[in-house]
Amino acid sequence: MQINTTTTQPYSDQNPGTSGLRKKVRVFQEKGYLENFVQSIFDSLDETDGKTLVLGGDGRYFNRQAIQTIIKMAAANGFSELLIGQGGLLSTPAASHIIRKYEAYGGLILSASHNPGGPDDDFGIKYNVSNGGPAPEKYTNAFYQRSLTIDSYRIAEMDDVDLDTIGSTQIDHLKITIIDPVSDYAELMQSIFDFNLLKQSIGSGYITLRFDAMHAITGPYAKRILVEMLGAPEDSVINATPLEDFGGHHPDPNLAHAHELAELMFGPNAPTFGAASDGDGDRNMITGSQIFVTPSDSLAIMAANAQLIPGYAKGLSGVARSMPTSQAVDRVAAAYKLPCFETPTGWKFFGNLLDAGKITLCGEESFGTGSNHVREKDGLWAVLFWLNLIARRRQPVADIVHEHWQKFGRDIYSRHDYEAVETEIANGIVEHLRNQLPTLPGQTFGEFTVKFADEFGYADPVDGSISKNQGIRVGFTDGSRIVFRLSGTGTVGATLRIYLEKFEAEPSKHDQDAQEALAELIGLAEQLCEVKMRTGRTAPNVIT
Ligand code: VG1
Ligand code: CO
């Protein structure tokens, strides 16, 4: 094959955020934009010669074109093998598993996750390292630095590869293998969960379920596992066909965006279990008949019940949560004497803890939960965990949750998002909050007295790397918290996230509506950050 070196101009905005580089499709289509970033990644890696790279995406608009370009660039950069999901598809957790299982050097995952897709919407690209996890900050910083000075990229002259036919082809030094995107992952799930028990519980009608794939990547995975392997009726999986624009919706599994599912679960004919996943299959929303389980509670409940699941029967080595995630899991860890870690937002911070065996389970408030089976959060894994739990405990979701609250208390929790705020205003809000930090401790606001106010920083306990400015925390003497941070995944302006949390020990108060229970903290958050005043808005765009 002929390898060309093409001159290019650097772009100044290729700094990966919380989870890879995310921009509008039109930005990725600009001359050399995708190529520059991919070459910056390859240039920053120790060695690409003779290495294996995994490649796949969530099927959104531009996925196939981007894959063809990356194949040619990987060929020109010396890789010797590419493992590509059929149709260019791989869910994020499946890509993580495939990197690990086949001992690949790394992988490129094409996704903007829960962001909408289509010619006018978002695209994304993320590099995962050989442990299957998102590249840690030392890598992403290097990619960005390289992108600022890059002046050429390498690309091979070759025909487009047929992405739809499973099998291998050899083109000069490069072996290209198109793999079934589902089977390795399905096998992994079978090794963790009690599929026989699940088959019985579903077959007997004890568990009825509905899974909303939101026209995103989990459709084929859910069909294979829930319907073909576990015997759930065909209509248990809805919106199962991946579409380039996700049917025009946000593939974001929460009560606001998965409203078809939400209506069913709170209606008269609700099944026992309902769940949804996001664009790239790493998020999960868990519901039962008439109940929504917050992701923070879900993590805590999983930690408390892990030994009922075959894959975790030996117990957990420890747990971790991202800083804004509620402290519900901390209570479980304290009760069971498990180490508990608090990390910055984003899955890349869990990788070292998982690799070192310090934790088995981890999660984020943003509908992400996972374990040491891969190095990404995993939507269908969480669904199977809950199904296995319901089958083992022979209890509806609502009873499992209420019993958990009775034992540990409830961390009433909500997140308010103000999206597409002008960047200058958003930075002003953060600056305003920062300025108040020294004087807040000791101050009393209504029933809340500030115990600490700081900007979260993290020292990785495994490699000692330091990550600063990871969100502003205001903690109160009763354990309540308000956290403020700017999103690192958006593509328009800035998104301010306000995380609110209040502990309630008293069982008679466990059924309160979260927004009502948190009303005073919500008011206080505004008093501290002035987002409504500074933006002229009256309410958040999304409340979860
Ligand atoms: C958001 C979530 C974060 C998650 C990240 C990637 O980031 O808050 O918890 O890890 O999305 O998830 P941010 O910076 O916008 O708050 V995914 O499913 O979009 O890859
Ligand atoms: Co995602």
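Biologist: Which cavity is the space taken by ligand 1?

Modeller: Rolling a probe the size of a water molecule over the atoms shows where empty space is left. Here, ligand 1 takes the space of the largest cavity, where a cavity is a set of points, on a 1 Å grid over the protein atoms alone, at which a 1.4 Å probe fits but cannot get out. This is a predicted model, in which local features need pLDDT of at least 70 and side-chain atom pairs count only at pLDDT 80 or more, while totals for chains, interfaces and linings use all residues. Residues are numbered from 1 along each chain, ligands are numbered from 1 in the order in which they are written, and side-chain values use heavy atoms, with hydrogens and water left out.

Biologist: What volume does the largest cavity have?

Modeller: Its volume, taken as the space filled by probe spheres set on the points, is about 260 Å³. Of the 25 lining residues (an atom within 4 Å of a point), Thr 18, Arg 283, Thr 345, Ser 366 and Thr 489 are the closest to the centre of the largest cavity. The second largest cavity has a volume of about 90 Å³.

Biologist: How many residues surround ligand 1, and how do they divide by class?

Modeller: Counting residues with a heavy atom within 4 Å, 20 surround ligand 1. The shell has no nonpolar, 10 polar and 10 charged residues, with Asp, Glu, Lys and Arg counted as charged and Gly among the polar ones.

Biologist: Which side chains lie at polar-contact distance from the oxygen atoms of ligand 1?

Modeller: A polar contact is a pair of N or O atoms within 3.5 Å. Side-chain atoms of Ser 113 and Ser 487 each lie 2.6 Å from an oxygen atom of ligand 1, and for Asp 282 the distance is 3.0 Å.

Biologist: Which residues are the protein donors of the cobalt ion?

Modeller: Donors are N, O and S atoms within 2.8 Å of the metal (3.2 Å for Na, K and Ca), and water is not among the atoms, so sites may look incomplete. For the cobalt ion, ligand 2, they are Ser 113, Asp 278, Asp 280 and Asp 282, at 1.9 to 2.1 Å.

Biologist: Is Asp 278 buried or exposed?

Modeller: Asp 278 is buried because its relative accessibility is 0%, where buried means under 20% and exposed over 50%, computed with a 1.4 Å probe on protein chains only. Asp 282, at 2%, is buried as well.

Technical notes:
A polar contact is a pair of N or O atoms within 3.5 Å; within protein, one must be able to donate a hydrogen and the other to accept it, and residues adjacent in sequence count only if both atoms are side-chain atoms. On a 1 Å grid over the protein atoms alone, a cavity is a set of points where a 1.4 Å probe fits but cannot get out, and a pocket is an open set with protein on both sides within 12 Å along at least five of seven lines; lining residues have an atom within 4 Å of a point. A molecule sits in a cavity or pocket if more than half of its atoms lie within 2 Å of its grid points.
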